[in-house]
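User: Hi! Could you walk me through this one? I'd like to start with a helix and then move on to the ligands.
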Amino acid sequence: MPETVKIFDTTLRDGEQSPGASLDRNQKVEIARALETLGVDIIEAGFPVSSPGDFEAVRAVTKAVTEPVVAGLARCQKADIKTAWQALQSARRPRIHIFLSTSPLHMKYKLKKRPEEVMRIAENMTRYACSLCQDVQFSPEDATRSELPFLAQIVETVIQAGASTINIPDTVGYTTPGEFEVLIRELYARVPSLRQIMVSVHCHNDLGMATANSLAAIRAGVRQVEGTINGLGERAGNAALEEIVMALKTRAKFYRVRTNIQTRQIVRISRLVSSATGIVVQPNKAIVGGNAFAHEAGIHQDGIIKQRLTYEIMNARDIGLKENRLVLGKHSGRHALAKRLRELGYQLEEKELQGFFERFKELADKKKEVFDEDLFALMEERTGAPKKVYSLEHVQASSGSGLVPTAAVRLLKEGQILQGSGTGDGPVDAVYKTIDALLGRQHKLTGYAIQAITGGTDAQGEVTVQLDSHGRVITGRGAHTDIIVASAKAYINALNRLAAMENVVRKIPNRRSKAVAR
Ligand code: KIV
Ligand code: ZN
């Protein structure tokens, strides 16, 4: 039996650090449940000290899942570690994950501490974390730019202090596969006690090598890898777990390891994470991109028809595409809808199902066939806007050559009707300007994109918008067969996210900035 590589998912922590990707407690719980179904071994649920909202979300995740270890991040500071433990202690299998920078650059400029001090803090804080929790993971931040003798020494020290997992992060995505493999082998050679504990890696994608670096580390012997769904994360993101898992599966003879992942859940969780965060997966993204299994060239299509393996190294079914592809339509009943939703991983309460069924019927009246992608988009309105301050009642726009683009909008703001009309540079601009005028507040639109969810002229258009609020990116998404309605829905979705964020900040005046904390 091949050895198992444990999958540590940090979508809810590092992934949430993606610009525009904030998740609330309910969304985190929904994703955590889906991660459990996917079969991940460890879920990093958040950074409890960073905000009361994150603390509560971590606590909620500990209660929502039973199988995976639930980890919470903490700096090497007593208050962080204590708070992490308070958030984690009701987990069936809690883990405190502490980190401290070890590169000369970080120690000098970020920590402003000498290496001896860093060593002492790492040792003391590991002991402290171990006094609270049996399972402690230590990460020497910026390990790949650290000096090897110092890195080895600190790793040895925290193992002696009780750490049971050592995670080697490539914090700034600087290393290369060959170099990283050598680094891991060197560490094993210099610190023999590493063989007695779990060694992990955590790679960022700044040079596009996060997956390759993670796989190189597996070749060197590590048996835990960290990453996120869809490769979300700070800057260029983290290693995409679906890529690592599918590489290990597809090239099993080469890597000779296995994972506990139910790969047929991959597409579903990718869509769920994309809809909850509002971050669209690029079409040519490996494994989960819309084009990952599409064949355009005639020669390729011909080859595929003759023998699939000519141009496909993976089976789309293995990641959950094309499975039980049941197309729903306006004659489909509630049972068929509920069954399909269950197959896609959504468990709706009776009342919620009724509301969802009505929205499904409205869509089915406009579209002949309702595909899984349409259901995901409808679901998104549920996961993407958990608490609605604003809802769209009506929108209409007229435009054309020689006409001044004009829009009429009716909104509900916490039950109060707001309606009016306005003009703009185009119909979408007219709608957005009218909404801003109704709310008495201007918003800075920094991104707008539209794509068809499925094929055909009756396909739903899915609009993604990005707003800038004091340097923070707020994402919104909306789908509809009418692209003006989709545009308005996306804008309202972003405004609801903004309102939720401002509400949290209002309630928690002393909230620490995550950017500073990390
Ligand atoms: O990138 C990094 O170094 C991290 C650590 C906290 C593990 O995210
Ligand atoms: Zn990271």
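Analyst: Happy to. In α6, the buried residues are Leu-148, Phe-150, Leu-151, Ala-152, Ile-154, Val-155, Thr-157, Val-158 and Ile-159. Keep in mind that this is a predicted model.

User: What do the buried residues of α6 pack against?
Analyst: Their partners are the helices α4 (104–111), α5 (115–132) and α7 (177–190), plus the strands β6 (136–141) and β7 (165–170).

User: And how many residues does α6 have?
Analyst: Helix α6 has 13 residues, 148–160. From first to last C-alpha it reaches 18 Å, close to the 18 Å expected at 1.5 Å a residue. Gly-162 follows α6 and has a positive phi, near 120 degrees.

User: Switching to the metal: which residues coordinate the zinc ion (ligand 2)?
Analyst: Asp-14 through OD, and His-202 and His-204 through NE2, at 2.0 to 2.2 Å. Along the chain, the donors are spaced as D-x187-H-x1-H.

User: Are those histidines, His-202 and His-204, buried or exposed?
Analyst: His-202 is buried because its relative accessible area is 6%, under the 20% cut-off. His-204 is buried too, at 4%.

User: Nice. Which polar side chains lie by an oxygen atom of ligand 1?
Analyst: Among them, Thr-171 has a polar side-chain atom 2.6 Å from an oxygen of ligand 1. For Asp-14, a side-chain N or O atom is 3.1 Å from a ligand 1 oxygen, and the distance for His-202 is also 3.1 Å.

User: How much of ligand 1 does the protein bury?
Analyst: The protein buries 94% of the 260 Å² that ligand 1 exposes when taken alone. β5 (94–101), β6 and β7 each give two or more residues to the shell around ligand 1.

Definitions and conventions:
Residues numbered from 1 in each chain as written. Chains lettered and ligands numbered in written order. Predicted model: local features only at pLDDT ≥ 70, side-chain atom pairs only at ≥ 80, totals over all residues. Heavy atoms only, no water. Donors = N, O, S within 2.8 Å, 3.2 Å for Na, K, Ca; no water. Buried < 20%, exposed > 50% of the residue type's maximum accessible area, 1.4 Å probe, protein only. Helix = DSSP H or I, 4+ residues; strand = E, 2+ residues; numbered from the N terminus. Expected span 1.5 Å × (residues − 1). Contact = heavy atoms within 4.5 Å. Polar contact = N/O pair within 3.5 Å; in protein donor to acceptor, adjacent residues only side chain to side chain. Areas by Shrake-Rupley, 256 points an atom, 1.4 Å probe, with all protein chains shown as cover.
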